[in-house]
Amino acid sequence: MATAIDQLRVDLLSQVAAAASSAALEEVRVSALGRKGAITEQMKTLGQLPPDERRAAGQAFNALKDEVAAALEARKAGLESAELEARLAQERIDVTLPARPQPDGRLHPLMQTWDELVAIFGEMGFVIAEGPDIEDDWHNFTALNIPEEHPARQEMDTFYLQEHDGHRPVLRTHTSPVQIRTMLTQKPPIRIIVPGRTFRSDHDATHSPMFHQVEGLVIDESTHMGHLKGTLIEFCRAFFGIDDLPVRFRNSHFPFTEPSAEVDIGCSRKGGGLTIGAGDDWLEILGSGMVHPKVLEYCGIDSTKYQGWAFGMGIERIAMLKYGIPDLRTMYDSDLRWLRHYGFMPLDVPSMLGGLAR
Ligand code: PHE
C-alpha cells in the first residue's frame, strides 16, 4: 500500500508542477481531489485492508491529500500572478500618445478665426478684454463721441430694449464700448483686444443681425500712427499667411477716431473669383484710427499726456475671406455637412509657433 501511495504522490505532484495555466491546474485538482478523483478512489479501497494496516494507510492518504492541496494552492498563486503580469504587459496603454478626436467633432470656422486672432495679437502682447452684450447708450454711443442725432443711433441699425431707469439699453452695435469700459477701469498703458458678439438690424449675404467683431486699443504716452500701421500690416500678413501681402491705409471717418483710416488688402478679381494677395485690386477689411481726444476725456484720461489708437473688424468677414465662405448666413444654419466641410479639428489649436490654419 505504501508504495502505491508513494507512486500516486509522485504522479500528482508532477501533474501539479506541469499545469501550465489556471484552467489546467483546476483539471488536475478535480482529477486528484474531486469526488471521482484518484485519491478519493484509492481511499475507497481502505475498507478492504486488514484493520491494523487500515489506520496507517488512512493517515498516509490524509497526509497525501494535505500535501497535494498545498501544492495546488502554491501553484495556483504562482500561475495567477504570472497571468496578471502577462495581461498587464499586453494591455499596456501609452498615455503620452495624442488623443484621437472623434472624427465627427469640428470647430466652427468662426471660432477657429477667433482663436487665430487671439494667437496673433496675444503674441504681440495684447490682452483680452470683455464687456456686456447689452449696453447703455452712453457706453455704446455718447462716450464714443457719437452724439444724439448721429445716424448710427437710428433705430434701423440698432436693437433697442425697453426703457429702463431713464435710458434705453441697446444690444451693442460694435465692440468699441469695451474701449470705454477699459479706459474707465484701467490706467494706461493699455493694450487690449476685444473679441465679442455684436448686433445690428441687417440681414443679407454679408450681414447678419448677430455677428462678431474684434476691437483693439492701445493707449500710452507715446504710441503713434506708425505703431498702428505696423501692427495692422503685421496682423494682415500673419492672418492670411502671405508675407508680402499689400496693405493700404485709406482716409476715412469714425466719430471716435481722428484721423481715421480704413485698411484694405491686395487682391485680384480676375476671372470672376477672388484671390487675396498682390493683385490689381483692393478689399476693405477693417477700420482704425487715433483715439479722439474727446473719447479720452470722457474716460477721465488726460488727452494732453496720453494718446492711442484703435481698430475694429468683423470676424465673420475675415473668416469668409480666408476660408472662401461665400454666404455669411450659412455660418448660422447649423448644417452638419457645412460644418464638416468648413470646420476644423478641435485639437489643432492655432498658435504662432505651431502654425495657424491655412
Ligand atoms: N467700431 C467700428 C465699427 O463697428 C470699427 C472701429 C473700431 C473703427 C475702432 C475705428 C476704431 O465699424
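Helix H2, spanning residues 22-33, holds both Arg29 and Glu26, which sit three residues apart, or about one turn of the helix. In this predicted model, the side chains of these two residues, Arg29 and Glu26, meet in a salt bridge, with 2.9 Å from N to O. Side chains of opposite charge can pair when their charged atoms come close. Counting through the whole structure gives 15 salt bridges.

Now to the ligand. The ligand turns up in the largest pocket, with 14 residues around it. Coming nearest are His174, Ser176, Arg200, Gln213 and Glu215.

Several polar side chains reach the ligand's own N and O atoms. For His174, an N or O atom of the side chain is 3.0 Å from a nitrogen atom of the ligand. Ser176 also faces a ligand nitrogen, with a polar side-chain atom lying 2.9 Å away. On its own, the ligand has 330 Å² of accessible area, and the protein covers 89% of that.

As for where the shell comes from, three strands each supply at least two of its residues: E5 (210-220), E9 (281-291) and E10 (307-314). Strand E10 gives the largest share, with three residues.

Technical notes:
Residues numbered from 1 in each chain as written. Predicted model: local features only at pLDDT ≥ 70, side-chain atom pairs only at ≥ 80, totals over all residues. Heavy atoms only, no water. Near = heavy atom within 4 Å. Polar contact = N/O pair within 3.5 Å; in protein donor to acceptor, adjacent residues only side chain to side chain. Areas by Shrake-Rupley, 256 points an atom, 1.4 Å probe, with all protein chains shown as cover. 1 Å grid on protein atoms, 1.4 Å probe; cavity = no way out; pocket = protein on both sides within 12 Å on 5 of 7 lines; lining within 4 Å. Sits in = over half its atoms within 2 Å of the grid points. Helix = DSSP H or I, 4+ residues; strand = E, 2+ residues; numbered from the N terminus. Salt bridge = Lys/Arg side-chain N within 4 Å of Asp/Glu carboxyl O.
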